[in-house]
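Let us read a structure together, one feature at a time.

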Amino acid sequence: MNRARAIQREPIWPRIKPFLTVFDPVLSTILLSLVVFALITQYSAAFDFEGRFIDHSRNLLIAFMVMWVTANLKPQFLMRIALPLYVVGVILLVAVELFGDISKGAQRWLNLGFIRIQPSEIMKISMPLMLAWFFQQRENVSGWREFAVASVILAIPGILILKQPDLGTALLVLGSGFFVIFFAGLSWKVLAWLTGLFLASLPLFWTLMHDYQRQRVLTLLDPTQDPLGKGFHIIQSTVAVGSGGFTGKGFLQGTQTHLEFIPERTTDFIFAVLAEEFGLLGCLVLLTLYTCLIIRGLVIAGNAPTLFSRLMAGAMALIFFTYAFVNIGMVSGILPVVGVPLPLMSYGGTAMVTLGMGAGILMSIQNTKKLIQT
């Protein structure tokens, strides 16, 4: 009886403290700075889109909640769900191939009756989880056979996503899996051999590409061949990036932005809005924040207590790099337009949730390390 009363009188703070102290201070500060930057830029980009800024703020809040929930999960739990999540993801991708809805020439969505989902998004997280689990199970016997099996695990969903076709998502999924394989011990000699094989296979890939994908590459090489059509995106975005100068034209003063020359300015091309209004200085601030985020993720990976945690943390850190590098590259005209959003900056809920989950995994791993040390 007295024990029950003591439990009832226990202050609430000690009971909820473990759930609220999972946030890594350094990582949280970087993410908060990115969110502030994102809200300022999105407000300008979405100035003429009623409700879009509010929606973006809501998506950031949802991503924060997902990050908090994920940060409270233990890496051991993530290991347990890795295989089932991967299998479910592959089954759903096969279902998309057989029964998926076709929209704008692509078959990417699966209608379950009560909800319409894009299974390829599941693979952005389940792929590195699966490969990290696989290498954890074979921690002491990693050889060429293990890397060959890992390549097959990576290739199955990659091929299914490329067939939809969805080059942007396939790039992110294949990248997230490759990072795990690389951190698991893939030698530089093998990496150089694979790079040479990839370059030698480019003519074959060209014949397998869809017409619109070939057009994207040709437009990248010479956007002026169709300045009012296929090349319009790249031309206008590069004009906006270049016209910002060192300090930019000022908040809400971007002419390319507010005269609606920049296409998709709240989503894929929001970096052009940032460059025009805040100039090179604003771009350097954003790139510095992304660099600090990636470095912090790699530090967490280096200090992780298990192989699974190290591989996951490393992959999550470089996923942020891939998002940022591909988006800024395509807006700047050095990569084809593949529809990859800028982390936390671009409007859109799905990618935001994925990145929130990735940040939560980093915090979960860091929090587990602290628990082990204490």
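**Reading helices, sheet and salt bridges**

A: The expected span is 1.5 Å times one less than the number of residues. Helices (H or I, at least four residues) and strands (E, at least two) are DSSP runs, numbered from the N terminus. This is a predicted model, where local features need pLDDT of at least 70, side-chain atom pairs count only at pLDDT 80 or more, and totals for chains, interfaces and linings use all residues. Residues are numbered from 1 along each chain as its sequence is written, and side-chain values use heavy atoms, with hydrogens and water left out.

Q: Which residues of helix 12 are buried?
A: Buried means under 20% relative accessible area, exposed means over 50%, and partly exposed lies in between (1.4 Å probe, protein chains only). In helix 12 the buried residues are Ile234, Ile235, Gln236, Ser237 and Ala240.

Q: Which helices do the buried residues of helix 12 pack against?
A: Contact means heavy atoms within 4.5 Å. The buried residues of helix 12 pack against helix 11 (211-221), helix 13, helix 14 and helix 15.

Q: What follows helix 12?
A: Gly245 follows, with a positive phi near 65 degrees.

Q: Which residues other than glycine have a positive phi?
A: Two cases can be shown here. Glu264 has phi near 50 degrees. Glu264 sits in the loop between helix 13 (255-258) and helix 14, and is partly exposed at 47% relative accessible area. Leu344 has phi near 70 degrees. Leu344 belongs to the loop between helix 15 (307-332) and helix 16 (349-373), and counts as buried at 10% relative accessibility.

Q: How do I read helix 4 for span?
A: Compare the end-to-end distance with the expected one. Helix 4 has 20 residues and reaches 28 Å from its first C-alpha to its last, close to the 28 Å expected.

Q: Where do the buried residues of helix 4 fall, seen down its axis?
A: Start with the list: His56, Asn59, Leu60, Ala63, Val66, Met67, Thr70 and Ala71 are buried in helix 4. Seen down the axis, these buried residues fall within an arc of 130 degrees, so they line one face of the helix. The arc is that of the directions from the helix axis to the C-beta atoms.

Q: Which exposed residues does the face turned away from the buried side of helix 4 carry?
A: That face carries the exposed residues Ile54 and Leu61.

Q: How many salt bridges does the structure hold?
A: A salt bridge is a side-chain nitrogen of Lys or Arg within 4 Å of a carboxyl oxygen of Asp or Glu. The structure holds 7 salt bridges. One of them joins Arg58 and Asp55, with the closest N and O atoms 3.5 Å apart. Both residues lie in helix 4 (residues 52-71), 3 residues apart, about one turn of the helix. Arg58 is partly exposed at 43% relative accessibility, and Asp55 is partly exposed at 24%.

Q: Which parts does the salt bridge of Arg296 and Asp24 tie together?
A: First the geometry: the closest N and O atoms of Arg296 and Asp24 are 2.8 Å apart. Arg296 lies in helix 14 (residues 270-302) and Asp24 in the loop between helix 2 (12-20) and helix 3 (25-45), so the pair ties together parts that are 272 residues apart in sequence. Both Arg296 and Asp24 are buried.

Q: Are Lys124 and Glu121 buried or exposed?
A: Lys124 is buried at 5% relative accessible area, and Glu121 counts as buried at 13%. Their side chains meet in a salt bridge (2.9 Å, N to O).

Q: What is the strand order in the open sheet?
A: Two strands pair if DSSP finds at least two bridges between them. The open sheet of 3 strands has the order 1-2-3, with antiparallel pairing. Strand 1 (101-103) and strand 3 (116-117) are the edge strands, each pairing on one side only.

Q: How many bridges join strand 1 to strand 2?
A: There are 3 bridges between strand 1 and strand 2 (residues 106-111). Ser103 stands opposite Ala106, and Asp101 stands opposite Trp109. Strand 2 and strand 3 pair over 2 bridges, with Asn111 opposite Arg116.
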